[in-house]
Amino acid sequence: MGLEALVLTDCKAGRKARKDARLTAGVFVCSLVFLLGLSGCASLFPQTAQLRGGLPEGMPEQVELKQVPFFPQVEYQCGPAALATTLAASGAKITPDQLVPQVYLPERKGSLQVEMLAAARRHGMVSYLLAPRFEDLLREISAGNPVIVLYDQSPVGGWHYAVAIGYDYERGNLILRSGETERQQLSFPLHELMWMRSGYWAMVALPPERIAATADEARWLSAVAALERAGDAASARTAYASFLKRWPQSISASIGLANTHHALGELRQAENVLRQAALRQPDSAIVLNNLAQTLSDQNRDDEALPVIERAAAVAGPHAAAVDETRQAILGRLAAKRKN
Amino acid sequence: MKSTFASVFVRLLIVLMAWTPYQFAQAGMIGTDQVVPSSQSADRGAVLSFLSRGDVAGQLQSFGLDASTAKDRVAAMTDEEVRYLAGRISSAPAGGSDAGAILLIIIIVAVVWWAWKR
């Protein structure tokens, strides 16, 4: 019941478990050879089979992000260890111990996927769930971004978070910081077999000035908005600015950037961003409303009034909010005239 | 009775605490969540999210967190993530990964059997 039904990692990392894992790996490789010989059974590892056709153009055959730090996991805490590894690689000063109260569930001896994403935001990072594609995983690594992956190691172990930091295409190995192992090599098929059972779950956590190599515009914007929502306006501001460098046409990102400027009290910058956005999209009620509010906050209600009138002329789902702003501006103007 | 009352009361407090940060939107500014698709919080969504946040925070607490830690952790989630967790609480069957393990065992058995038969 409850969260128990969700994926939790118990990260058994004892010697025996690893020995068992190695044994199973051996059996796997044997069965692999047999099975592939038998039927060319690509459907067992569909993505590995796809990759066998060759790497996408421009990707190196061999990558290893050697500078990624290593935090051996303590007890069942592979979640905090994996997250600390990526956050520290992104420049945060952090240890797994500090992350335990942020991602670990003591009674369940594990960490939820959602919380892995959420906790990274609390350290000013943009956390992004990768598309469930092996190729995307390799792409992120070759772009210098360590990737947290979730494995289902059953029947020899439980759920386990590890950080992919490199690969060797020729040998067909993935290189990971995992549990108590600083440099684990995992064959592509075995990796896929354990990974696919988490629904190919993988995430990156990047500092706000960077954008994931495989980022999709809409989903990256959501990831930045999530950072803003988590309350880190300064990091979100940087992230929106980076977003606009890459996708300059996005009105939504401009609104986000202006909102973070506004939240940080940088009204002049918020105004500039909104004015540019209003030039690009003159009929956005949100842009006009927020511009009027920003002007009003700078005690320039005379300038704000025509802007909010324009917003009011645009019918739409935000009519109520616009009307509220308009009334407030009219009220302030009336009060000024009295004085 | 007393403990039922206490648990309802505690839950209500959690809900209120979890909700608090979002009540202080900047006056007059329309939030980014109104334009970014996945974090849309229309009125109905906001109410659902309001309930779900308390629900999820309560669940986290039952797994050994104290109230303020649970609240902080829920606060870092998006509405979508909260709804995902809350939705799972009521509907997810236990042990979602058994199919894979069974498949694995079948493969191993099949291979051993095949090798032995030859």
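Predicted model: local features only at pLDDT ≥ 70, side-chain atom pairs only at ≥ 80, totals over all residues.
A word on conventions comes first. Residues are numbered from 1 along each chain as its sequence is written, and chains are lettered from A in the order in which they are written. Local features need a pLDDT of at least 70 and side-chain atom pairs count only at pLDDT 80 or more, while totals for chains, interfaces and linings use all residues; side-chain values use heavy atoms, with hydrogens and water left out.

Let us start with chain A. It has 14 helices and 9 strands, where helices (H or I, at least four residues) and strands (E, at least two) are DSSP runs numbered from the N terminus. Of its 339 residues, 57% count as buried. Here buried means under 20% relative accessible area, exposed means over 50%, and partly exposed lies in between, with a 1.4 Å probe and protein chains only. Among the contacts in chain A with a separation of 6 or more, 64% join residues 24 or more positions apart, a contact being heavy atoms within 4.5 Å.

Residues 24 or more positions apart account for 65% of the chain B contacts with a separation of 6 or more.

Now back to chain A, and to its aromatic rings. A pair of aromatic rings is described by the distance of the centres and the angle of the planes. Rings of Phe, Tyr and Trp (its six-membered ring) pair if their centres lie within 6.5 Å; planes under 30 degrees apart count as stacked, over 60 as edge-to-face and the rest as tilted. The structure holds 6 such pairs over all chains. One of them joins F134(A) and F188(A), edge-to-face at 5.0 Å centre to centre with 70° between the planes. F134(A) lies in helix α6 (residues 134-142) and F188(A) in helix α7 (residues 188-196), so the pair ties together parts of chain A that are 54 residues apart in sequence. F134(A), F188(A), W195(A) and Y200(A) form one aromatic cluster.

Helix α7(A) is mostly covered, with 8 of its 9 residues buried; among them are H191(A) and E192(A). In α6 of chain A sits D136(A), which is buried at a relative accessible area of 4%. Leaving aside neighbours within four places in sequence, D136(A) is in contact with L130(A), A131(A) and T214(A).

Loops have buried residues too. M125(A) lies between α5 (113-121) and β4 (126-129) of chain A, and its relative accessible area is 5%, so it counts as buried. Not counting residues up to four places away in sequence, M125(A) touches several residues, including L87(A), A120(A), P207(A) and L227(A). Q73(A), in the loop between β1 (62-64) and α3 (78-89), is buried at 5% relative accessibility. The side chain of Q73(A) reaches the backbone oxygen of E75(A) at 3.0 Å.

Finally, consider helix α13 (residues 301-313) of chain A. Its 13 residues reach 18 Å from the first C-alpha to the last, close to the 18 Å expected at 1.5 Å a residue; the expected span is 1.5 Å times one less than the number of residues. Which residues of α13(A) are buried? They are D301(A), A304(A), V307(A), I308(A) and A311(A). These cover an arc of only 120° around the axis, which puts them on the same side of α13(A); the arc is that of the directions from the helix axis to the C-beta atoms. The buried residues pack against α12 (285-297) and α14 (319-338) of chain A, whereas D302(A) and A313(A), on the other side of α13(A), are exposed.

Technical notes: Polar contact = N/O pair within 3.5 Å; in protein donor to acceptor, adjacent residues only side chain to side chain.
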